[in-house]
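Please examine the sequence and the structure shown below. The paragraphs that follow lead through selected residues in turn.

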Amino acid sequence: MNVKQRTIQSEISISGIGLHTGQAVNMTIKPAPEFHWYKFKRVDLEGGPIVAVDADNVTDTSRGTTISQNGASVSTIEHLMAALVGLQVDNVLIEIDGPEVPILDGSSKVFVDRLLEVGFVEQEADRDYYEIKDNISYAEKDRKVELIAMPLDGYRLTCMIDFNSPVLGSQHASISNITEFIQEISSSRTFCFLHELEALLNNNLIKGGDLSNAIVIVDKEVSKEELDKLSTLFNKSVEVASEGILDNIQLRYQNEPARHKLLDMVGDLALVGRPLKGHIMAARPGHAANAAFAKRIKAQIKKDKNRKNVKVYDPNTPPVYDTVQIMKILPHRQPFLMIDKILELSDTHVVGLKNVTMNEDLFMGHFPGAPWFPGVLQIEAMAQTGGILVLNTVPDPENYLTLFLKIENARFKNQVTPGDTIIFSCELIEPIRRGIARMKGVGMVGDKIVSEAELMAQIVKVKN
């Protein structure tokens, strides 16, 4: 049974402070139609520009994920995105009157709770999953960052962090199914090191931080004066707890930092633009790596889409014409008859088959040490296939010839060697006029394109 797309039953309003800007912001999450995915609308800007959650729109990943489009930006989107993905919501419009999503408690919990309150409504269309078919990987060797997506019928995530810190150490977190997100991951809060906190303060960032929305890991000796300074800045008494963190909050999990990194991964991979099926494993991920990985998955989706547009034919299909019947239409003979079968034939397209064997005379003189079927002969075989299509449009085709006038945009993408079977498909680009035919030809071995070209031919009657 196919899973349907879903949106929320009614709109939700959430207000809070942006972590880095310190600006109060109001946000309304609204139902959206099928195939809408996640989009922000900056209602505080003229024209209400839309910013789509898309890897191609990422403009900053320094302290969170920022997307920009149509002259507008929205930052720190990852915790809200994680909540939407974790609850398997497919389509929402998020109206926001500021440049940053509110930080709230530093996790996805508030978003999740509010979304669960209003509930969801099933839509007509099937969920638009992208299923990982082959491993997709991303690495930054200098930072020892690695991410890999592997095939799986489900959505499983595994995350390892290692900051070379005696306090934090190496931590792991995982969920075997996205349905575990609510209980296991959504309440895990963001974290930073004390030295990062000081640098952020000095750079006029985390204006919205109040020590209630982040775990602060103490990775150095801290003097009483430094603690007093932090207490003054945040108007809250702080000490170093036994776990090596500031005692501003209590850990919800022993491995809460690793769980939060997994939360960020779930949110950042929403940048792919559709729900995923696969197992994602990550070592030392961050927003920049997550966004780059999402872009790599998007690129693979585009490749797969292009591949789907090319039909893979079964060479065992009973032929429309066998070799003897082809020779009644085409004047070519051994060793220059390049087509063994015609598999499909209509008024606008034709599919032919060529078996490449080592017994062909050409291999005695063409790279005998590396027997590759020449590209120029692939084009000839493609042209002969197209000739069958063209001659099929006239009565008594044996009384006509096809003369090729032009070959354009010829490309050779993969080698063809003895033992390969090439399937050539030719399709009319436009109707035949005044005996002139223009065709697009593609040669394939299995599911790989080996050659392609645009061909122009003229139908000529043979003089008696």
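His-260 is in contact (heavy atoms within 4.5 Å) with His-79, Gly-106, Ser-188, Arg-189 and Thr-190, leaving aside its neighbours within four places in sequence. This residue has its place in helix α6, residues 256-268; helices (H or I, at least four residues) and strands (E, at least two) are DSSP runs, numbered from the N terminus. At 1% relative accessibility, His-260 counts as buried, a term that means under 20% relative accessible area, whereas exposed means over 50% and partly exposed lies in between (1.4 Å probe, protein chains only).

The model is predicted, so that local features need pLDDT of at least 70 and side-chain atom pairs count only at pLDDT 80 or more, while totals for chains, interfaces and linings use all residues. Residues are numbered from 1 along each chain as its sequence is written, and side-chain values use heavy atoms, with hydrogens and water left out.

UniProt, in an unreviewed entry, places the feature "active site" at His-287; UniProt positions are given in the numbering used here, feature names are shortened, and annotations may be inferred rather than shown by experiment. His-287 counts as buried, at 15% relative accessibility. Leaving aside neighbours within four places in sequence, the residues in contact with His-287 include Thr-61, Arg-63, Glu-78 and Asp-264. With Thr-65, the side chain of His-287 makes a side-chain polar contact of 3.4 Å. A polar contact is a pair of N or O atoms within 3.5 Å; within protein, one must be able to donate a hydrogen and the other to accept it, and residues adjacent in sequence count only if both atoms are side-chain atoms.

Leu-87 is found in a loop, between α1 (78-86) and β9 (92-96). Its relative accessible area of 3% makes Leu-87 buried. Among the residues that Leu-87 touches, not counting those up to four places away in sequence, are Arg-6, Val-112, Phe-120 and Ile-182. Ile-178 stands 91 residues from Leu-87 along the chain, and their C-alpha atoms are separated by 8.1 Å.

The backbone deserves attention as well. Most residues other than glycine have a negative phi, and most peptide bonds are trans. Asn-70, in the loop between β7 (66-69) and β8 (72-74), has a positive phi near 55°; Asn-70 is exposed, at 55% relative accessibility. Thr-76, in the loop between β8 and α1, has a positive phi near 50°, but is buried, with a relative accessible area of 6%. Finally, a cis peptide bond joins Gln-334 and Pro-335, with omega about 10°.
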